[in-house]
Amino acid sequence: MPDEVLSQFTPTVDKTAKIDTSKKLKVGIIGTGWIAESHIQSFKNMPDVDVVAAADLIPGKAEAFMKRFGVEGVRFYPSHKELIDNEELDAVSICTYNRQHAGPTIYALEHGIHVLLEKPMCVTLDEAVEICRAEKASGKILSIGFQPRFDANMQQIGKIVRSGALGEVYYMQTGGGRRRGIPNSTFIEDKTAGVGALGDIGCYSLDMVLNAIGYPKPLTISGYTSDFFGTSTDYQSEYDAKRFSVDDFAAAFIRLEGGIILDFRISWAMHLDTPGDTIILGKKGGLRIPSTDCWNGTVGGPMKIYHDVAGTQVETVIPILQNPGKMGLFDRKIRSFLDAIKTGGPAPVPTSQILYNQAIIDGIGRSAKLGREIQVVIPEI
Ligand SMILES: NC(=O)c1ccc[n+]([C@@H]2O[C@H](COP(=O)([O-])OP(=O)(O)OC[C@H]3O[C@@H](n4cnc5c(N)ncnc54)[C@H](O)[C@@H]3O)[C@@H](O)[C@H]2O)c1
């Protein structure tokens with residue numbers, strides 16, 4: 001992974017921030033792979049958290065993980081079920097691969113435990129609906145792990161839209177991705193990941209624009225996915241090419257409520273540096289958000305608003321903003337979840353929004369398989 005991808009996970013907690021430590025939250029970690037490292041580092045920095053339990057399907061992995069991070073007094077379990085059945089927890093971080101997002105989340109909510117679930121929310125729309133129903137029945141906090149939400153530059157996109165500077169938004173283009181950047185491990189097999197670039201980095205790209213305009217409902221989708229790089233021994237080892245069973249590129253034309261069009265493409269690998277910047281077109285102005293070449297869910301450079309002033313076409317540059325305080329984005333994601341538990345909510349990254357994100361991911365996959373446009377039908381929660 002490039003440095004700029006890894007650096008966003010570096011814990012930089014502001015230890016001077018005032019945190020109420022009178023009640024300590026008992027937390028468990030489910031799945032102790034790569035992203036769980038960022039969770040444990042952030043939890044270790046939070047004075048109101050005790051990490052008391054961890055589970056992983058691979059024998060010995062959770063034990064080695066906690067030893068590596070110097071966390072003592074943790075009880076270990078062979079899967080999420082035993083952990084939830086045997087512990088009295090306030091919250092869990094679910095850091096499992098995508099195919100194991102829905103099951104553990106629903107099980108935790110049914111047992112009255114607050115959940116921080118890693119992105120993407122899950123694999124299918126059906127799973128997302130089941131998760132939302134379990135959340136509603138439980139009354140617990142469920143937040144989805146989109147740390148770019150906490151970046152001042154990402155937040156600025158929504159502020160620009162809400163300021164009226166663009167007028168009524170009618171068209172958006174989003175996506176991007178990598179020229180070469182197929183992950184390996186559990187990310188490339190259908191049985192663990194369930195979805196490739198489309199879910200892995202596509203979910204961030206969709207969230208960037210949908211969150212900015214208030215998450216309108218998706219209505220129809222014409223989607224495309226391919227796997228030319230992932231399955232080719234020109235770019236992958238024979239071992240990885242053989243087990244590659246997800247997408248490495250996806251594109252779609254999506255109609256959203258309110259007559260808004262979303263044109264989307266995302267890539268883990270292609271013969272191009274970027275398939276384009278993110279663009280939001282409104283009746284009064286257009287916003288260009290430079291892409292990043294690895295698509296790590298951030299703004300790639302100063303944004304520009306194209307508009308007319310007194311009959312003259314002008315461009316306004318929005319400088320890159322520094323995030324306030326000393327917390328990194330990942331720590332903000334963890335802190336906001338803990339604060340929501342303590343204050344009774346709302347969830348910082350709510351499923352009411354991410355359900356639509358998941359409906360689009362699901363719809364692109366379904367439309368691509370059918371080779372035609374599909375209607376998006378989201379059942380009542
Ligand atoms: N927020 C981010 O920036 C970010 C970055 C990377 C990955 N992720 C997400 O985090 C998730 C995990 O990614 P990763 O790279 O850590 O994967 P990983 O394969 O390294 O780790 C997943 C671990 O979960 C374990 N596991 C699976 N099902 C389990 C269950 N039911 N009970 C207990 N353990 C179980 C596996 O054995 C494995 O060790 C993915 O959904 C991914 O999209 C988020």
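View 1. The chain splits into domain 1 (3–148 + 328–349) and domain 2 (149–324 + 358–375), with bounds that come from an automatic or database domain assignment. What you're looking at is a predicted model, in which local features need pLDDT of at least 70, side-chain atom pairs count only at pLDDT 80 or more, and totals for chains, interfaces and linings use all residues. Residues are numbered from 1 along each chain as its sequence is written. Taken over C-alpha atoms, the centres of domain 1 and domain 2 sit 26 Å apart. Domain 1 puts 21 residues into the contact and domain 2 puts in 22; two residues count as in contact if their C-beta atoms, placed from the backbone, lie within 7 Å. On the domain 1 side, the elements giving two or more residues are α1 (3–7), α6 and α11, and α11 gives the most, with three residues. Helices here are DSSP runs (H or I, at least four residues), as are strands (E, at least two), numbered from the N terminus.

**View 2. The largest nonpolar core.** This core holds 110 residues, and Val115 and Val209 touch the most other members. A nonpolar core means a set of buried Ala, Val, Leu, Ile, Met, Phe, Trp, Tyr and Cys residues joined through C-beta atoms within 7 Å. Buried means 20 or more other C-beta atoms within 10 Å of a residue's own, exposed means 12 or fewer, and partly exposed is in between, with C-beta atoms placed from the backbone. Helix α12 (residues 351–370) is the top contributor to the core, giving eight residues. Domain 1 and domain 2 both supply residues, so the core lies between them. Zoom in on Val209 and you'll find it touching Met172, Thr174, Leu262, Thr278 and Ile280, leaving out residues up to four places away in sequence.

**View 3. Helix α6 against α12.** Two packed helices are described by the angle between their axes and the distance between the axes. The axes of α6 (residues 125–138) and α12 come within 9 Å and cross at roughly 165°. Axes are lines fitted to C-alpha atoms, for helices over the stretch in contact, and angles run from 0 to 180 degrees between N-to-C directions. That angle makes α6 roughly antiparallel to α12; under 35 degrees counts as roughly parallel, over 145 as roughly antiparallel, 65 to 115 as roughly perpendicular, and the rest as oblique. The α6–α12 crossing is left-handed, the term for a near helix turned anticlockwise from the far one by less than a right angle, with right-handed used if clockwise. From α6, the contact uses Leu125, Ala128, Ile131, Cys132 and Glu135, and from α12 it uses Thr351, Leu355, Gln358, Ala359 and Asp362.

**View 4. Helix α5 alongside α6.** Here the axes of α5 (residues 102–110) and α6 come within 9 Å and cross at roughly 10°. The two helices are therefore roughly parallel to each other. On the α5 side, look for Ala102, Thr105, Ile106, Leu109 and Glu110, which meet Glu127, Glu130, Ile131, Ala134, Glu135 and Ser138 in α6.

View 5. Eleven of the eleven residues of α9 are buried, among them Cys203, Leu206 and Val209. α9 and α12 pack at about 130°, with their axes 10 Å apart, which makes α9 oblique to α12. The crossing is right-handed. Gly202, Cys203, Leu206, Asp207, Leu210 and Asn211 of α9 make the contact with Gln353, Tyr356, Asn357, Ile360 and Ile361 of α12. Just after α9, Gly214 takes a positive phi of about 90°.

View 6. Most residues other than glycine have a negative phi, and most peptide bonds are trans. Tyr215, in the loop between α9 (202–212) and β8 (218–226), has a positive phi near 50°, and is buried, with 20 other C-beta atoms within 10 Å. Ser185 also has a positive phi, near 45°, but counts as exposed, with 12 C-beta neighbours inside 10 Å. Its loop runs between β7 (169–177) and α8 (197–200). The Lys119 to Pro120 peptide bond is cis, with omega near -15°, and Pro120 sits in the loop between β5 (114–118) and α6. A cis bond also joins Gly345 and Pro346, with omega about 5°; Pro346 is in the loop between α11 (329–343) and α12.
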